[in-house]
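Morning, everyone. I'll walk through the side-chain packing and pairing in one model, so let me put it on the screen.

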Amino acid sequence: MVVVGLAWSLVSTAGFGFANFADLYLGVPCAIEYPELGRFLGRWVMLTFQTNVFCLGYSLLCTGLCTAAATWPSRELDEWVVRLFPLYFMLALFLTAGYYTTVHFNKSSRDGRKFFAENGYPYIILSKHASHGHATALALMMSAVLNEAPSVRHVIFSTGPFLLEYLLLTCLNYRLTGKWMYPFLDDAAKKNGVRGVALVMLIIIAIGAICGLFGKIIIDFRLHYWS
């Protein structure tokens with residue numbers, strides 16, 4: 001059984017393909033926009049970049065699975081699509097919500113976009129919207145068409161390693177640059193030191209796990225009550 005349709009996979013692939021294109025080629029180079037934060041690890045230190053790259057890879061996996069299903073059906077690939085869905089859903093859900101609630105309307109962010117738009121990067125506003133704006137819609141779309149729900153174990157073992165990787169990368173980048181990537185981490189460090197940062201990171205892990213679990217709940221509900 002193919003667990004997701006080709007048309008939906010292509011929509012997701014196109015959406016995250018355009019998000020990566022907008023981030024890389026319509027926006028401001030990382031060395032210019034984030035000269036200190038990206039000095040050692042480049043764009044890879046940005047959650048937006050990691051999210052769009054992973055979600056594009058996941059979408060391509062779904063597309064390849066659907067394309068090959070007629071001649072080379074693979075239950076193993078079906079299982080990987082299901083196993084990795086909570087991570088796809090978590091990242092895509094958070095990308096849009098996180099950007100528009102914490103970054104886009106922030107005064108320093110608005111001033112930064114205005115500065116770059118007036119100094120050689122006229123498409124930066126389009127780039128920011130295109131690399132963040134439709135991810136949640138794609139996550140919800142995929143949760144509405146996946147034909148098999150992931151297990152709680154899949155949620156834990158897909159979202160957990162990524163969250164650990166990203167938070168460790170954030171700490172490593174701080175050690176290299178002396179700067180936290182996000183203002184709320186700066187605030188936590190100034191108020192409560194290492195304990196404050198650790199508490200914020202634990203909250204982030206909990207929110208991430210809840211987002212992944214929410215994707216599972218949507219599919220479970222649809223398969224049990226709408227099918």
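Let's start with a charge over a ring. The charged end of Arg-153 sits over the ring of Phe-157, 5.1 Å from its centre. The criterion: NZ of Lys or CZ of Arg within 6 Å of the ring centre and within 35 degrees of the ring normal. Arg-83 does this too, with its charged end over the ring of Trp-80, 4.8 Å from the centre.

Ground rules before I go on. This is a predicted model, where local features need pLDDT of at least 70 and side-chain atom pairs count only at pLDDT 80 or more, while totals for chains, interfaces and linings use all residues. Numbering runs from 1 along each chain as its sequence is written, and side-chain values use heavy atoms, with hydrogens and water left out.

Next, ring against ring. The structure holds 15 aromatic pairs. Rings of Phe, Tyr and Trp (its six-membered ring) pair if their centres lie within 6.5 Å; planes under 30 degrees apart are stacked, over 60 edge-to-face, and the rest tilted. Take Phe-115 and Phe-116. Their pair is edge-to-face, 5.4 Å centre to centre, with 70° between the planes. Phe-115 is partly exposed, at 46% relative accessibility. Phe-116 is buried, at 13%. The cut-offs there: buried is under 20% relative accessible area, exposed over 50%, partly exposed in between, with a 1.4 Å probe and protein chains only.

Now a stacked case. Tyr-174 and Trp-180 lie 4.1 Å apart, centre to centre, with 10° between the planes. Tyr-174 is partly exposed at 30%. Trp-180 is buried at 10%.

There is also a cluster. Phe-16, Phe-54, Tyr-58, Phe-85, Tyr-88, Phe-89 and Phe-214 form one aromatic cluster.

Which residues touch the most other members of the largest nonpolar core? Tyr-58, Phe-85, Tyr-88, Met-142 and Leu-146, out of 40 residues. A nonpolar core here is a set of buried Ala, Val, Leu, Ile, Met, Phe, Trp, Tyr and Cys residues joined through side-chain atoms within 4.5 Å. Elements giving two or more residues to this core are α3 (47-68), α4 (75-102), α7 (135-145), α8 (152-177) and α9 (183-226). The largest share, 11 residues, comes from α4. Those labels are DSSP runs numbered from the N terminus: helices are H or I, at least four residues, and strands are E, at least two.

Look at Phe-85. Leaving aside neighbours within four places in sequence, Phe-85 is in contact with Tyr-58, Ala-139, Met-142, Ser-143, Leu-146, Pro-150, Gly-215 and Ile-219. Contact means heavy atoms within 4.5 Å.

Asn-20 is found in helix α1 (residues 6-26). Is Asn-20 buried or exposed? Buried, with a relative accessible area of 8%. The Asn-20 side chain reaches the backbone oxygen of Phe-16 at 2.8 Å. Beyond its neighbours within four places, Asn-20 is in contact with Asn-52, Val-53 and Leu-56.

Last topic: charges. Side chains of opposite charge can pair when their charged atoms come close. The structure holds 8 salt bridges. By definition, that is a side-chain nitrogen of Lys or Arg within 4 Å of a carboxyl oxygen of Asp or Glu.

Bridge between Asp-23 and Arg-43: 3.2 Å, N to O. Asp-23 lies in helix α1 and Arg-43 in the loop between α2 (30-33) and α3, so the pair ties together parts 20 residues apart in sequence. Both Asp-23 and Arg-43 are buried.

Bridge between Glu-36 and Lys-179: 3.4 Å, N to O. Why does this pair tie together parts that are 143 residues apart in sequence? Because Glu-36 is in the loop between α2 and α3, and Lys-179 in the loop between α8 and α9. Glu-36 is partly exposed at 40%, and Lys-179 is partly exposed at 39%.

Bridge between Glu-148 and Arg-75: the closest N and O atoms are 3.0 Å apart. Glu-148 lies in the loop between α7 and α8, and Arg-75 in helix α4, so this pair ties together parts 73 residues apart in sequence. Glu-148 is partly exposed at 24%. Arg-75 is partly exposed at 35%. Salt bridges that share partners join Arg-75, Glu-79, Arg-83 and Glu-148 into one network. And Arg-83 brings us back to the ring of Trp-80, under its charged end.

Terms used: A polar contact is a pair of N or O atoms within 3.5 Å; within protein, one must be able to donate a hydrogen and the other to accept it, and residues adjacent in sequence count only if both atoms are side-chain atoms.
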